[in-house]
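These are my notebook entries on one protein chain. I record what I looked up, entry by entry.

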Amino acid sequence: MYQAKIQELLNLQKKTKPTLIQERTFDLIKDGSNLVAYAKTGTGKTLAYGLPALEKVVPGEANSLVIFLPTTELAVQVRNALNPFIAKLGLKGITLVGAGNRSRQEERLKKLHPEVLVCTPGRFFDFFSSGRIKKEQIKMLVIDEADDLLEFTKLELLTSLGQNLNSDSQIILFGATDSQLTDQADEIFMRNFVEVDVRPEQKLPIQHYFLQVDNRHKVDFVQRLIKLPHFHGIMFFDSNQALLKFAGIFGHTKTKFAILSTDFGKQKREEALRNFRNGDVKLLLATDLAARGLDIPGLTYVVNFEIPADQETYTHRSGRVGRMNNQGTVVTLGNDHDLRNLEKLIDEKLIRVYFDKSKLSTKMPKKTVEAPKTNKPKKKKKRKNKNKGYHPHFLKEKK
């Protein structure tokens with residue numbers, strides 16, 4: 001399926017068999033079709049569009065492959081995944097992200113004339129509007145996480161760019177859930193798209209658990225979760241405010257954790273991810289915006305501190321585990337009311353679990369029965385209380 005050079009690298013990475021989305025989209029991309037592709041997260045989407053697109057790139061044609069990602073973290077992640085293949089094919093690639101040094105990025109654009117650009121929308125349109133990147137140069141435009149990208153850029157900018165590309169250029173949209181961009185691609189970009197959707201055929205090895213707990217005891221339950229065997233997890237919050245409030249409380253415990261928040265700068269976010277990836281901490285607190293699309297090798301748990309607002313959010317959170325057929329567990333914390341709402345919200349089968357000592361169990365643990373009281377008179381213990389006059393019992397007797 002792939003060129004010999006590509007296959008050689010895949011074999012070294014122990015990726016000898018293409019995934020379903022990679023099989024279904026390879027020929028369409030190589031043949032130049034405009035494509036809308038849906039696949040569950042963690043099923044090889046990056047290589048599904050990246051490898052056939054790279055095989056089509058002509059060395060020396062600057063800025064001919066442009067890949068859009070919604071966040072800096074995702075752009076860096078995709079760049080790292082594609083870099084070995086870019087080098088193997090004798091191509092050059094750079095990353096253009098808003099969090100990076102603009103002058104340095106502009107210098108690399110001028111000196112390297114890279115064929116492959118991995119970009120966040122804001123920084124791309126910055127260079128595009130200044131003439132550093134020209135629409136005539138773009139032969140392939142890939143929009144990854146297309147269902148999320150509109151949160152980070154205006155639809156008018158994407159529409160204008162797509163409509164003004166040369167007619168023989170190619171537009172490829174990839175996502176895990178539907179969006180305005182994918183649903184209306186034909187009208188938005190004024191060209192015909194082929195749709196590939198493999199989600200119904202994809203069965204991921206993920207367990208979906210619900211752990212009943214009231215708000216007062218969530219901190220205790222989180223501490224118990226972290227102590228589970230092989231726990232290495234992301235805990236999601238609906239907002240930065242909720243995340244930071246929990247972190248303030250949790251910080252008083254002896255449990256180590258990292259925070260991935262859009263309130264923090266690039267350096268602090270990178271440090272949090274590095275500590276988490278290295279295993280220095282077992283728990284990463286994150287919002288949906290900060291952790292969207294992240295691929296963390298060895299991640300075993302996703303914890304929903306509060307139930308997500310919609311099916312799409314739950315899908316993206318869950319997609320952090322079960323990647324490339326590795327086992328994963330999603331645990332949602334909440335009360336009976338939350339359970340009923342979640343069951344209406346999602347398609348996955350929810351399993352109620354309980355803490356049975358140091359492990360999770362699908363069976364409710366039996367309550368310990370207290371030993372029957374005996375009629376033997378108890379020996380009174382002598383109290384050593386120097387301040388006897390202030391003892392509560394003494395005060396009761398005085399009344």
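**Entry 1. Basis and overall figures**

I take accessible areas from the Shrake-Rupley method with a 1.4 Å probe, and for residues only the protein chains shown count as cover. On that basis the protein chain has an accessible surface of about 21600 Å², of which 49% belongs to carbon and sulfur atoms.

I note that this is a predicted model, in which local features need pLDDT of at least 70 and side-chain atom pairs count only at pLDDT 80 or more, while totals for chains, interfaces and linings use all residues. Residues are numbered from 1 along each chain as its sequence is written, and side-chain values use heavy atoms, with hydrogens and water left out.

I call a residue buried under 20% relative accessible area, exposed over 50%, and partly exposed in between (1.4 Å probe, protein chains only). Of the 399 residues of the protein chain, 49% count as buried. The C-alpha trace spans about 95 × 45 × 40 Å along its principal axes.

I take helices (H or I, at least four residues) and strands (E, at least two) as DSSP runs, numbered from the N terminus. The protein chain has 17 helices and 15 strands.

Contact here means heavy atoms within 4.5 Å. Among the contacts in the protein chain with a separation of 6 or more, 74% are between residues 24 or more positions apart.

For charges, I count Lys and Arg as positive and Asp and Glu as negative, leaving out His and the chain ends. Each charge is placed at NZ of Lys, CZ of Arg, CG of Asp or CD of Glu. The mean positions of the 66 positive and 46 negative charges are 16 Å apart.

**Entry 2. Helices α1 and α2**

I looked up α1 (4–12) and found Ile6, Leu9 and Leu10 buried. They lie on the same side of α1, because they cover an arc of only 100° around the axis; the arc is that of the directions from the helix axis to the C-beta atoms. The cover over the buried residues of α1 includes α3 and α4 (72–88). Ala4 and Leu12 are exposed on the face of α1 turned away from the buried side.

In α2 (20–30), the buried residues are Ile21, Gln22, Thr25, Phe26 and Ile29. Their arc of only 130° around the axis puts them on the same side of α2. They pack against β1 (35–38), α3 (45–56), β6 (170–175) and β7.

**Entry 3. Positive phi values**

Most residues other than glycine have a negative phi. Lys14 has a positive phi of about 60° and is not a glycine. Lys14 is in the loop between α1 and α2 and is exposed, at a relative accessible area of 76%.

Met190 also is not a glycine, and its phi is positive, near 55°. Met190 lies in the loop between α10 (185–189) and β7 (194–197), and is exposed at 62% relative accessible area. Just after α2, Gly32 takes a positive phi of about 90°.

**Entry 4. Nonpolar cores**

I define a nonpolar core as a set of buried Ala, Val, Leu, Ile, Met, Phe, Trp, Tyr and Cys residues joined through side-chain atoms within 4.5 Å. The largest has 37 residues, of which Ile21, Tyr49, Leu54, Leu65, Ile67, Phe85 and Phe174 touch the most other members. Apart from it lies another core, of 29 residues, including Ile94, Leu96, Leu149 and Phe189.

Not counting residues up to four places away in sequence, Ile67 touches Tyr49, Leu82, Leu117, Val118, Cys119 and Val142.

Is Thr120 buried or exposed? Thr120 counts as buried, at 7% relative accessibility, and is found in the loop between β4 (116–119) and α6 (121–129). Beyond four places in sequence, Thr120 touches residues including Leu69, Pro70, Leu96 and Gly98.

Met235 is in strand β9 (residues 233–237) and is buried, with a relative accessible area of 0%. Met235 and Val302 are 67 residues apart in sequence, yet 5.9 Å apart in space, C-alpha to C-alpha.

Leu333 belongs to strand β13 (residues 328–334) and is buried, its relative accessible area being 0%. The C-alpha atoms of Leu333 and Val321, twelve residues apart along the chain, are separated by 17 Å.
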